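Please open the model in your viewer and keep the selection tool at hand. We will go from stop to stop, picking out a few places to look at along the way.

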Amino acid sequence: MKVEFNLLDRQYERHQQEYNEAVIRVLKSGRYILGNEVKAFEEEYAMWHGMNYCVGVNSGLDALTLAIRALDIQPLDEVIVPANTYIASVMGITLNGAIPVFVEPDEYYNIDVTKIEAAITKNTTAILVVHLYGQIADMIEIMEIARKYNLSVIEDCAQSHGAQLNGQKAGTFGDVGCFSFFPTKNLGAFGDAGAILTNDKSLADKVLMLRNYGSKAKYYNEFVGMNSRMDEMQAALLRVKLKQIEVLLEERIQLANKYMDNINNDKIILPKVKKDESSHVFHLFIIQTEHRDHLQEFLARNGIKTQIHYPIPPHLAECYIDLNHKEGDFPITEKGARQVLSLPLYYGMEELEVEYVINVLNSY
Ligand SMILES: *Cc1c(COP(=O)(O)O)cnc(C)c1O
């Protein structure tokens, strides 16, 4: 049997008719940028979160970059960020000239809240939280710290659409929630797209302008902005998927639970999930093992594709040599980078495929 890491066409096929209709509708509308589809998606996405404002942009990285810019975070300000994240979280900070200050993760792979205060200095202006792999971080504690030190909070929700803490969704705790709709994400477009969520009207207005050359009225430019507009086609397609999202997420969680309940091998460490069932939407299913490369080869020989999220932590990335970090600075993060392995998990994955992966893992 062969098991791919992801098969995006399976989710297309399931609602093929509706996706096709959405595309045709946009093609026939004659309006391809900043039209009714983007507006409707923004409203629907905000409503799904019970938030006032959503602004669609071109990618998750742009959502982070523009959100940080709109919060008026200045060059050389320090922004606290988990050391174990996808590098885009860090780039959102450094593209604004601010300085990332890394904090190690806890056993849930999210920022260790007990280590945040020690990282705060007089130059700290924000905390960028990442709900990594789909599990929501300790937002109650993080918001308390942020209030105590008067810091902005940006949530990177690229992996956590719909994850909840006490019934409240990721992206609604801080000043701004940043989302990616990259095709493989839990809510994925058919190309690049992203969005920010906020209840702060002036922040939403500012991102609205920044995504469109810093302008609200045509040819009147208040800021030096970017071109980061979500396009009509992606918005129309995302609206189709957003209608199915609860069912899709539930399916994903069921597949993940099957892994959780049935993988049984002393050499393999399973993810830790908080008690609240809805806290984890399993964007990725991460196992850890000391024999990671060996296990990955073993799985590959048995037809199972896996990936590593992520092999090089941002503080050791070549592009961040100037931050002057070295191996050993964040040992928990570095150990994770050597040991984590992501199993196949995607919409439309069949039970038989999950069972096959489980059997092969248990035979290792
Ligand atoms: C995917 C991802 C991003 C970036 O999203 P893009 O749409 O690819 O720019 C940012 N942060 C995290 C944690 C991600 O997983």
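A salt bridge here is a side-chain nitrogen of Lys or Arg within 4 Å of a carboxyl oxygen of Asp or Glu. Keep in mind that you are looking at a predicted model.

Select lysine 258 and glutamate 355, whose side chains form a salt bridge with an N to O distance of 3.0 Å. Lysine 258 belongs to helix H8 (residues 232-262) and glutamate 355 to helix H11 (residues 351-362), so this pair ties together parts 97 residues apart in sequence. Glutamate 355 counts as partly exposed because its relative accessibility is 31%.

How many salt bridges does a search of the whole structure find? There are 15. One to select is lysine 305 with glutamate 4, at 3.0 Å from N to O. Lysine 305 sits in the loop between helix H9 (292-301) and helix H10 (331-339), and glutamate 4 in the segment before helix H1 (8-14), so the pair ties together parts that are 301 residues apart in sequence.

Now switch to a cartoon view and find the open sheet of 7 strands, ordered E1-E9-E8-E5-E4-E2-E3 with mixed pairing. Its edges are strand E1 (53-57) and strand E3 (99-103), each of which pairs on one side only. On average, neighbouring strands are turned by 25° against each other, direction ignored. Color helix H3 (residues 36-49) next: this helix packs on the sheet, touching E1, E8 and E9. Helix H5 (residues 87-94) also packs on the sheet, and touches strand E2 (78-82), E3, strand E4 (124-130) and strand E5 (152-156). Zoom in on strands E8 (residues 176-180) and E9 (residues 194-198), which run antiparallel and are joined by 4 bridges. Glycine 177 has leucine 197 in E9 as its bridge partner.

**A loop residue.** Select alanine 119, in the loop between E3 and E4. Is alanine 119 buried or exposed? At 12% relative accessibility, alanine 119 counts as buried. Among its contacts beyond four places in sequence are Ile80 and Val101.

**Last stop: the surface.** Show Ile24, Leu27, Tyr32 and Ile33, a nonpolar surface patch with about 360 Å² of accessible area together. Leucine 27 lies in helix H2 (residues 16-29).

Terms used. Residues numbered from 1 in each chain as written. Predicted model: local features only at pLDDT ≥ 70, side-chain atom pairs only at ≥ 80, totals over all residues. Heavy atoms only, no water. Pairing = 2+ DSSP bridges. Helix = DSSP H or I, 4+ residues; strand = E, 2+ residues; numbered from the N terminus. Axes fitted to C-alpha atoms, helices over the stretch in contact; angles between N-to-C directions. Contact = heavy atoms within 4.5 Å. Buried < 20%, exposed > 50% of the residue type's maximum accessible area, 1.4 Å probe, protein only. Patch = residues over 30% accessible without salt bridge, like charges linked within 9 Å, V, L, I, M, F, W, Y side chains within 5 Å. Areas by Shrake-Rupley, 256 points an atom, 1.4 Å probe, with all protein chains shown as cover.
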